[in-house]
Amino acid sequence: MTSLSAKPSDQPDPEHEARLQFLTWDRTPADIDSPAHRARLARWAAVAGATFHPTAYVAAEAAIFTSHLVLGADSWIAGHALVRGDVEFGAHCTVNRYAMISGKVRCGDGVRIASHVSIVGFNHGFDDPGVPIHMQKHESLGITIGDDVWIGANAVVLDGVKVGKGAVIAAGAVVSKDVPDLAIVGGVPAKVVRYRGQSSRRDTAGALVRLGEAAAAQWPEVLARFREDGEYISREADGTVRRSARHLNDAIEIAAGFGALPEGLDAAATLQQLQALQDPETGLFPDPHQPPAAGQAQRDNGLALYNVLSVGYAIEVLGGQPLHRVSAVELGARALCDWLDSLSWRERAWGAGAAVDAIGTALYFNARYFETGRARETLFGWLALKQDRATGLWGSPTPAEGLLQPVNGFYRLTRGTYAQFGLPVPNAERAIDSVLLNYRNHDGFSGRTYTACNLLDTVHPLLLCLRQTDHRRPEAEAIARAVIGRAGERWVAGAGFAFADGQETSLQGTEMWLSVVHLAAELLDIAGEFVFVPKGVHRTQAVGLGL
């Protein structure tokens, strides 16, 4: 016999309905297909521009006031949540009670929004103090939230923000800037705490040891691979052989990084060979394989400048010193400033930074082995006055590459000056912001941009600046871990590293990548786990000013 107090099975259960307002994950297919639920979805489709997947669910007491709403498969909105404006949710998204989503918001799949979250995809105008705020125009840049994102209770996401795939926003965070993929952010304003799935210190150290053991065992084979007719060379993918003084210097630096010399190298004869490359008049080092063009001043030749580093440090590694003072850089204040002003700061800041690197290194050699005037003071004074305080960089971004040129130029410039002489980098926190923004804008240098140069020009500036501040250290450490984690899979047994993905291995690529890994390990304070220590162009020990 049926109890008189029992309700017919087709009648709603008030207790269950009340529960679904708060514990909406308890919904069932019957709740989704119930006449009451279908009726309210139809009403919202009519009055709120809403489109619902057949498996989506919206609790009865949710507040929906949209001009456009999309709710994907198996997604739900709890009771007492407010959704207004122009909002789209992908599949498997959840909006808990008392959350508020406003303005233009686009969510991917699997976005979890906790209670009391505010996602505010619009903003009041307030710039004109002569007009009351309530009378100023609203703007809506919109908010984009990637797949598999968890936004914790009481977090706030402000207009214009892009939250990357797999990110986690901690409870109470206020997110006013873009969040990278897989980043865990917290605080006010929100900053990256760490990244999901990042290797532990032990895992990273293990990767360093494994790569170091392989490279230490195989570097003689790598060097032999690029030795032809008694000379070190590089090969293009089509078999073309290229010759440069740099190849010998790279071979010397690779061996020195493992505490040795290239097998069969006559150190005394090689030292004389390298010293003989120096031009007695200017003190620069034109490349015998690619000399300056007719009529071109040596200081305007990139190789003659770069070889101040490449040849000069190789001479030091072999226990010698340059034979001549680099007179080309010992200029009066006006002449040196005119030279610095004439560099390609707007079009090619990397090249301008490379010239400063060579000037600073030439002044180091002069101060250590000969004599120097006041050019060093002039150089640092010019740099202090010319730095962009907003970015912490020198030079201008370009339409095609954004910050890439000034960031890469920052590495070259600071390597030969602030890093080499042990001086603090001005506006280090702004520089860190710019380096990290450039890294993010290029998707972590994925694909063709994942080169030894781009990673070196990211890791070294971060290491240099983090010696002065802990600003955004977790993000920098995550990059360092990622570099180390990928390096092992890039090493080619018996052939070393390619400079970039898709290229042939080379001495340049091998030396640079080994140095990048060392720098990343130094940033993480685990350089002792890696057997290779740069002794030449990429060494990190400052010489100071007391020369």
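# A guided tour of helices, cavities and loops

A search of the whole structure finds 1 cavity of 30 Å³ or more. A cavity here is a set of points, on a 1 Å grid over the protein atoms alone, where a 1.4 Å probe fits but cannot get out. Grid points are joined across faces, edges and corners, and a volume is the space filled by probe spheres set on the points. The model is predicted: local features need pLDDT of at least 70, side-chain atom pairs count only at pLDDT 80 or more, and totals for chains, interfaces and linings use all residues. Residues are numbered from 1 along each chain as its sequence is written, and side-chain values use heavy atoms, with hydrogens and water left out.

**Stop 1: the cavity**

Select Y313, R415, A419, Q420, H460, L463, L464, R467, R539, T540, Q541 and V543, which line the largest cavity; lining residues have an atom within 4 Å of a point. The volume of this cavity is about 130 Å³. Helices α11 (404–421) and α13 each supply at least two residues of its lining. Helices (H or I, at least four residues) and strands (E, at least two) are DSSP runs, numbered from the N terminus. By class, the lining comprises 5 nonpolar, 4 polar and 3 charged residues. Ala, Val, Leu, Ile, Met, Phe, Trp, Tyr, Cys and Pro count as nonpolar, Asp, Glu, Lys and Arg as charged, and the others, Gly among them, as polar.

**Stop 2: α13 against α14**

Next, select residues 452–466 (α13) and 473–490 (α14), whose axes come within 11 Å and cross at roughly 140°. That angle makes α13 oblique to α14. Angles under 35 degrees count as roughly parallel, over 145 as roughly antiparallel, 65 to 115 as roughly perpendicular and the rest as oblique. Axes are lines fitted to C-alpha atoms, for helices over the stretch in contact, and angles run from 0 to 180 degrees between N-to-C directions. Show the side chains of L455, T458, V459, L462 and L466 in α13, which meet R473, A476, I479 and V483 in α14; contact means heavy atoms within 4.5 Å. The residues of this contact are 7 nonpolar, 1 polar and 1 charged.

**Stop 3: the largest pocket**

Stay with α14, which gives the most to the lining of the largest pocket, with 8 residues. A pocket is an open set of points with protein on both sides within 12 Å along at least five of seven lines. About 860 Å³ of space lies in this pocket. Of its 31 lining residues, P180, D181, Y195, Y439 and G444 lie nearest the centre. The lining divides into 14 nonpolar, 8 polar and 9 charged residues.

**Stop 4: α5 against α15**

Move to residues 245–257 (α5) and 507–523 (α15), which pack at an angle of about 40° with their axes 9 Å apart. These two helices are therefore oblique to each other. In α5, R246, H247, D250, A251, E253 and I254 meet L507, Q508, T510, E511 and M512 in α15. This contact contains 4 nonpolar, 3 polar and 4 charged residues.

**Stop 5: two backbone details**

Most residues other than glycine have a negative phi, and most peptide bonds are trans. Centre the view on V188 and P189, joined by a cis peptide bond with omega of about -10°. P189 lies in the loop between β18 (183–186) and β19 (191–195). Finally, select H80, which has a positive phi of about 70° although it is not a glycine. H80 is found in the loop between β4 (76–77) and β5 (82–89).
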